[in-house]
Amino acid sequence: MQMQIHTRGGFGWDSEEDSEEEDSEESEEEVVEEEVEDGEEEEEEEIAVTPEMEARLYAEFQATARERLMPAVTLAESCKKFGYHPPAPPFEIINYSDLFERAWGWDTILPFSVARTFSRYKEYLVDYYNRNQKKPNAAAAAADRTGDHDSLTALANKCAEMESHLMFLLKCRAGVFTENVEIKISRTSDRITKRARETTNALESEFPAAAVAFKCITKEAELMCAMLIHAAEDHPYWFVLCNKIRLYALRFMTYKEPEHILAAAAMMGITREANLTCELVKERHKDKNGREFFSIFIRTRTLASMYYILKEYSAVGKPTRGNTAGKLISDDSDVKTCSGKDVVENDILDDWIVISPKKAETIG
């Protein structure tokens, strides 16, 4: 009995002791929390960035830029040495012309990244256009040697002929793509053919981007023909990509100064890649260094820049000569006086292709 009383008393003593310990622990935790909060406030005050600090940090960042970009330059030079195209370098390298020449150069357009500001990329497009456009005298001399004159009439006729060839091959390969995709391609081709016929009497000065647009559309159609002949079902997305580029180039055709430079630069870069891809497709994918797939990557990114150009600038302008210019501007809903943003929202990335189980035999 005494043991029970003693035990109970012991329990009572322990419980009181535990409660006192808990109270002391809670008070200590509160003190610690207050100290932590005070410390956090002090830390926040300590890391407050002033304009002077921002300027100093930016200056230090700029001072180390060349050092940070050198690995990309070294990698690019190694790739070229072994016959591979270098990967796209960091975008800030365009601020250092000597490093940019070594890491990338001005022949291939630098892929656009949506993570970067489009305003800076527009400056790059202007530089790319100025470095890659043909000089008038040089272009005339080249035309005399090759017989390939770049008059709008000649380019429009060549474009119309290629569209006719494309539609013939598409009918021969009927069933390779879904009906919806084939209808979209046919509609784009009809618009292009109509535009080509209306451009016969137009002046290049009236629409400075028209010549580049016709070249872009023709090369994309040639690439589509090559893919139809050499198994388009192997790479269905490429076919859709070509048609989307053709549609954008058609809209860029009526761009005026100065925005036509941005549109022309993007089309020039994308046409160069289309020409390279077309040659690789005709060689039946004898691409041992991955250049074909990298070209598709560049074309896809450049199409994204075309999308941003179309959102920012509208393909409208007042005609200054005859009815032809008026027809070019007022033709179809894609080049009316609606804004480029409205045009894009109505028709952008809706061309996900679906291969039909029914496949025609490969031609040629």
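Q: At what angle do the axes of helix α7 and α9 cross, and within what distance do they come?
A: In this predicted model, the axes of α7 (residues 152–172) and α9 cross at roughly 25° and come within 9 Å.

Q: Why is α7 called roughly parallel to α9?
A: Angles under 35 degrees count as roughly parallel. The crossing is at roughly 25°, and that makes α7 roughly parallel to α9. The crossing of these helices is left-handed.

Q: Which residues make the contact of α7 and α9?
A: From α7 they include L155, M162, E163 and L166, and from α9 they include F214, I217, A221 and M224. Divided by class, the residues of this contact are 17 nonpolar, 2 polar and 4 charged.

Q: How do you know that the span of helix α9 agrees with its number of residues?
A: Helix α9 covers residues 210–229, which is 20 residues. At 1.5 Å a residue, α9 should span 28 Å, and its end C-alpha atoms lie 29 Å apart, which agrees.

Q: What makes α9 largely enclosed by the rest of the structure?
A: Of the 20 residues of α9, 18 are buried, so the helix is largely enclosed by the rest of the structure. For the protein, buried residues make up 42% of the 364 residues.

Q: Why is A221 called buried?
A: Buried means under 20% relative accessible area. A221, which lies in helix α9, has a relative accessible area of 0%, so A221 is buried.

Q: With which residues is A221 in contact, leaving aside its neighbours within four places in sequence?
A: A221 is in contact with M162, E163, L166 and R246. A221 and M167 are 54 residues apart in sequence, while their C-alpha atoms are 9.6 Å apart in space.

Q: What makes R246 buried?
A: The cut-off for buried is under 20% relative accessible area. R246 has a value of 0% and is therefore buried. R246 lies in helix α10 (residues 236–252). With neighbours within four places in sequence left aside, the contacts of R246 include E163, L166, I185, I217, E220, A221 and M224.

Q: What kind of peptide bond joins E257 and P258?
A: The bond that joins E257 and P258 is cis, with omega about 0°. P258 has its place in the loop between α10 and α11.

Q: Why is α11 called roughly antiparallel to α12?
A: Angles over 145 degrees count as roughly antiparallel. Helix α12 (residues 291–312) packs with α11 at an angle of about 155°, their axes 9 Å apart. That angle makes α11 roughly antiparallel to α12. The crossing of α11 and α12 is left-handed.

Q: Which residues make the contact of α11 with α12?
A: Among them are L262, A266, I270 and L280 of α11, with R291, I298, L303 and I309 of α12. The contact has 14 nonpolar, 4 polar and 5 charged residues.

Q: How many helices and strands are there in the protein?
A: The protein has 14 helices and 0 strands. Of the contacts between residues at least 6 apart in sequence, 76% join residues at least 24 apart.

Note on methods
Residues are numbered from 1 along each chain as its sequence is written. This is a predicted model: local features need pLDDT of at least 70, side-chain atom pairs count only at pLDDT 80 or more; totals for chains, interfaces and linings use all residues. Side-chain values use heavy atoms; hydrogens and water are left out. Helices (H or I, at least four residues) and strands (E, at least two) are DSSP runs, numbered from the N terminus. The expected span of a helix is 1.5 Å times one less than its number of residues. Buried means under 20% relative accessible area, exposed over 50%, partly exposed in between (1.4 Å probe, protein chains only). Axes are lines fitted to C-alpha atoms, for helices over the stretch in contact, and angles run from 0 to 180 degrees between N-to-C directions. Angles under 35 degrees count as roughly parallel, over 145 as roughly antiparallel, 65 to 115 as roughly perpendicular and the rest as oblique. A crossing is left-handed if the near helix is turned anticlockwise from the far one by less than a right angle, and right-handed if clockwise. Contact means heavy atoms within 4.5 Å. Ala, Val, Leu, Ile, Met, Phe, Trp, Tyr, Cys and Pro count as nonpolar, Asp, Glu, Lys and Arg as charged, and the others, Gly among them, as polar.
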